[in-house]
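Colleague: Before I use this model, I want to know what stands behind each label. Can we go through them one at a time?

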Amino acid sequence: MKLLLKNGQVVSEHNQTIPSDIWIEDKKIKAIGLDFEKEGVHFDKVVDLDGHLVTPGLVDLHVHFREPGFCHKETIETGSKAAARGGYTTVCAMPNLDPVPDTLEKYNDLKNLIEQDSIIKIHQYAPITHSLNSEEIVDMEELTQAGAPAFTNDGVGVQTAGTMYLAMKEAAKNNRPLVAHTEDESLLFGGCMHKGKKSEELGLPGIMSATESSQIARDLVLAEETGVHYHVCHVSTKESVRIIREAKQAGVKVSCEVCPHHLILADHIITEDHGRFKMNPPLRAEDDRQALIAGLRDGTIDCIATDHAPHSEDEKNQSMLNAPFGIVGSETAFSLMYTHFVKTGIFTLEQVSRWMTVEPAKLFNLEAGRLQVGGPADIAVFDIETEVGIEKEDFLSKSCNTPFLGWKVLGETVLTVVDGTIVWERGNA
């Protein structure tokens with residue numbers, strides 16, 4: 001089928017928007033230009049984008065789609081629809097599932113489920129160790145051959161240095177990144193939010209910044225020793241940014257991601273002891289937030305990821321002491337980033353687009369993140385002029401656990417295209 005997306009605005013490397021039409025055929029971008037219809041080309045379908053912003057389909061290195069094992073929170077079907085509504089066409093899904101996909105058979109079963117139910121492209125991570133919390137490393141060679149883009153125990157940090165060292169050696173041997181949830185459990189002390197003035201005011205046990213940064217420091221030394229590509233999930237503290245910056249300067253092969261909620265919110269916005277404010281890592285202090293912004297600017301932080309982590313309303317509607325950690329992000333990430341950083345002049349549109357498309361794709365060598373002739377027709381279109389509210393009833397995810405409910409934003413997704421097929425269109429949900 002020949003599809004024409006016309007009257008769009010594509011952002012350039014020089015932070016300018018260029019009027020563009022995009023000709024799509026056989027799942028690929030055949031041409032980018034203007035006036036194809038005037039040249040006599042016949043299209044099976046023409047979509048007038050009415051001057052809206054066109055970007056490559058967004059790429060997210062960090063989502064939790066909960067299936068199998070936790071389908072009351074999310075499924076592959078609902079998670080992929082939520083991602084598409086947010087403009088995401090490619091995501092990497094975490095393996096903290098039940099069963100954990102830690103053998104070839106379980107991994108292939110999950111891949112088959114993804115192929116059956118997803119409307120976007122999902123790259124399924126494999127775990128580092130069996131059952132996530134064991135010391136037994138999975139067969140990385142076997143799972144690499146099955147298509148695992150990287151290995152991670154996200155949800156729990158690898159607690160033993162020896163296990164991490166051996167896992168890094170094995171990941172490096174298979175030319176795969178090792179993706180780390182960095183959290184020293186011996187430093188948690190039952191914490192449920194950032195340790196600081198606000199946790200004291202609310203009478204809640206705090207999580208020290210060192211819980212994250214100390215394990216990153218350990219792992220950076222091991223990464224230098226093994227030569228592995230070491231990727232740090234959801235960086236949240238100024239100390240983490242500092243030591244990652246120093247490691248990069250020393251030549252360690254390290255990359256990292258940051259989440260929109262850590263860039264926009266700090267712990268002072270927590271008004272009450274409620275589960276909607278509970279996420280891992282927690283919302284940190286304002287100086288941590290500013291360090292994250294600086295880290296993006298200077299290249300210490302490589303990309304933006306959502307850590308989309310859905311939970312049911314009943315699970316989150318309680319004290320932070322008992323609620324699970326997690327915040328949804330797939331459907332709100334671009335609009336929040338555009339509203340709070342591009343519209344305010346803190347970041348350029350080109351920077352935010354790059355951090356959410358080409359940069360994450362480059363890190364894991366994914367065929368995604370670019371608008372280029374001959375490349376996959378994975379495209380997102382956003383309305384950056386019309387203000388909308390983030391409302392519970394609009395979510396396609398099974399869950400809406402986020403403190404951003406009720407916030408007004410610009411940058412709602414108008415259209416999402418995967419391999420030349422429209423998988424999300426505003427007004428046709």
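Modeller: Start with charge: Lys and Arg count as positive and Asp and Glu as negative, while His and the chain ends are not counted. The place of a charge is NZ of Lys, CZ of Arg, CG of Asp or CD of Glu. On that basis the protein has 40 positive and 65 negative side chains. The centres of the two sets lie 3 Å apart.

Colleague: What are the ground rules?

Modeller: This is a predicted model, where local features need pLDDT of at least 70, side-chain atom pairs count only at pLDDT 80 or more, and totals for chains, interfaces and linings use all residues. Residues are numbered from 1 along each chain as its sequence is written, and side-chain values use heavy atoms, leaving out hydrogens and water.

Colleague: What makes the radius of gyration agree with a compact globule?

Modeller: The radius is taken over C-alpha atoms, and the globule rule is 2.2 Å times the number of residues to the power 0.38. For 429 residues a compact globule would be near 22 Å; the protein has 21 Å, so the two agree.

Colleague: Why is aspartate 307 called buried?

Modeller: Buried means under 20% relative accessible area, exposed over 50%, partly exposed in between (1.4 Å probe, protein chains only). Aspartate 307 has 7% relative accessibility, so it counts as buried. Buried residues make up 60% of the 429 residues.

Colleague: Which residues is aspartate 307 in contact with, leaving aside neighbours within four places in sequence?

Modeller: Contact means heavy atoms within 4.5 Å. The partners are His62, His64, His234, Cys259, Asn280 and Ile327.
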